[in-house]
Amino acid sequence: MMKNFKIYLLLIWIILILGGLAFVFYYTHAETVSITATVEGCGNEVIEGSEQCDGANLNSQTCVSRGFISGTLTCNSNCVFNTSACASGGGGGGGGGGGGSYIPVPTETRVIIKGIAYPEAEITFLSDGKVLANKKADLLANFNFEITDITSGVYTFSLWALDKGGRKSITFSFTTNVANNMTTTVSGVFLPPTIELSKTRLQKGEDLNIYGQTAPESEIEISVESLEPIIKKTTAEKTGDWEHSLSTETLEDSSHTVRAKAVSSAGSLSSYSKVLSFYIGEGVPEAICPDADLNGDKKVNLVDFSILLYWWGMSNTCADQNRDGKVNLPDFSITMYYWTG
C-alpha cells in the first residue's frame, strides 16, 4: 500500500513539474511569429475569390455591361449579381422587359498556406500529423500551398523543409479554424533557418563555422549559450546561404549550444532553429546517453522525460545532454528535438 502511495505522489510531482516547465519554457523561448488567417466571404463589401460583387460593391458593373439594355443591377446575399431588375432587348407588346436570372457561383471549402522557407526547398505539409503533399519553394523561397479536399473544423497544420544541403528544418505548426464554403488563408509563415556546424569538438582558439540556409538576404541572429551568452549576426546571400565563423578564444573549456533565427528582408521574424551542441577542450568524453535516449531503449519518450525531470537543476552526466554542468532548458530542448514518442 505504501509503495503504491509513493508511486502516486511521484506521478503528481511529475505532472506539477511538467506544467511548471511548460510555463517556463514558453515564457523564456516563445518567439513572436507573424501569422494571419483570413476567411474570405460575403458581407465586407470587398470582392474576394470567386465573388462577383459584395454588398454595394458591384465591381463597376451595370446592367448594360452585363448585356442588358437598361435597369438597376444589384448584389445578392451570396455575392453574385442580381439582374432581375435589368431589362433585356426584344419586342412584344406589353413591354416590361425581361427579368434576367443569375447563375449561382459554386463555393468550396479550402485552405491556402503562404510563406517563405529557402530557395527551392522541398516542403512537406501535414494536417493533424498526416502528410498531405510535398511542394517546392520558388527561387525567392516563397511557397503557396492549397488544400481543397477538406471539411470544416479545427485543424493543426504543420510543415517542415529540406534545404539544398539536405538539412531539415524544425517542424513548424499552427492551429486554425476552417469555415464551411469559405477560403481560409494563412499567411506570414516563415520557417526557421537550417543550421549545421563544421565541427562538434574543438580546441580552444579554433574557429567554428556555423552555416545553413534561410530566405535570401535575411539577417541571421546566432545565439551561443555559454557562461556568458554570445549573440552574433550575419546576412544571408541571395542564394539563401548564410555562414559565420565563430572564434572560440573567449569560450571556456566545456560544452556549448548554438541556435539561430532570421529576419527576412521584408521584416518577417522566424522562430529559432534546432539547437546544436559543441565541445571545447582536451579529452572530450564520449557521448553518454546520446540523442537524449536516457534509458537506452532506442526511444525518446515519457520515460526519458521523467528521468530528465528527476535530475532537473542538478548535475547528471546522462541527463545533462549539452554538458554545461546542470540539467536545464537546453537539455529539455535537445530532448524535444529527438522525441520519438
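This is a predicted model: local features need pLDDT of at least 70, side-chain atom pairs count only at pLDDT 80 or more; totals for chains, interfaces and linings use all residues.
Residues are numbered from 1 along each chain as its sequence is written, and side-chain values use heavy atoms, with hydrogens and water left out.

The structure contains three disulfides, a disulfide being a pair of cysteine sulfur atoms within 2.5 Å. One of them joins Cys-53 to Cys-75, with an S to S distance of 2.1 Å. This pair connects distant parts of the chain, 22 residues apart: Cys-53 belongs to the loop between strand S1 (36–40) and strand S2 (70–71), and Cys-75 to strand S3 (residues 74–75). Helices (H or I, at least four residues) and strands (E, at least two) are DSSP runs, numbered from the N terminus. Because the torsion about the S-S bond of Cys-53 and Cys-75 is about 85°, the disulfide is right-handed.

A disulfide also joins Cys-63 to Cys-86, S to S 1.9 Å. Cys-63 lies in the loop between S1 and S2 and Cys-86 in strand S5 (residues 86–87), so the pair ties together parts 23 residues apart in sequence. With -70° about the S-S bond, this link of Cys-63 and Cys-86 is left-handed. Cys-63 and Cys-86 are both buried, where buried means under 20% relative accessible area, exposed over 50% and partly exposed in between (1.4 Å probe, protein chains only).

In the disulfide of Cys-289 and Cys-318, the sulfur atoms are 1.8 Å apart. Cys-289 sits in the loop between strand S20 (276–280) and helix H2 (302–310), and Cys-318 in the loop between H2 and helix H3 (329–337), 29 residues apart. The torsion about the S-S bond of Cys-289 and Cys-318 is about -110°, so this disulfide is left-handed. Both Cys-289 and Cys-318 are buried.

An open sheet is formed by three strands in the order S13-S15-S18, with antiparallel pairing. Strand S13 (196–197) and strand S18 (241–247) stand at the edges with a single partner strand each, so one side of each has no neighbour in the sheet. Strands pair if DSSP finds at least two bridges between them; S13 and strand S15 (residues 207–213) pair over two bridges. Leu-197 stands opposite Ile-210 in S15.

Finally, the largest cavity is lined by residues including Lys-168, Ile-170, Pro-192 and Ser-273. A cavity is a set of points on a 1 Å grid over the protein atoms alone where a 1.4 Å probe fits but cannot get out, and lining residues have an atom within 4 Å of a point.

Terms used: On a 1 Å grid over the protein atoms alone, a cavity is a set of points where a 1.4 Å probe fits but cannot get out, and a pocket is an open set with protein on both sides within 12 Å along at least five of seven lines; lining residues have an atom within 4 Å of a point.
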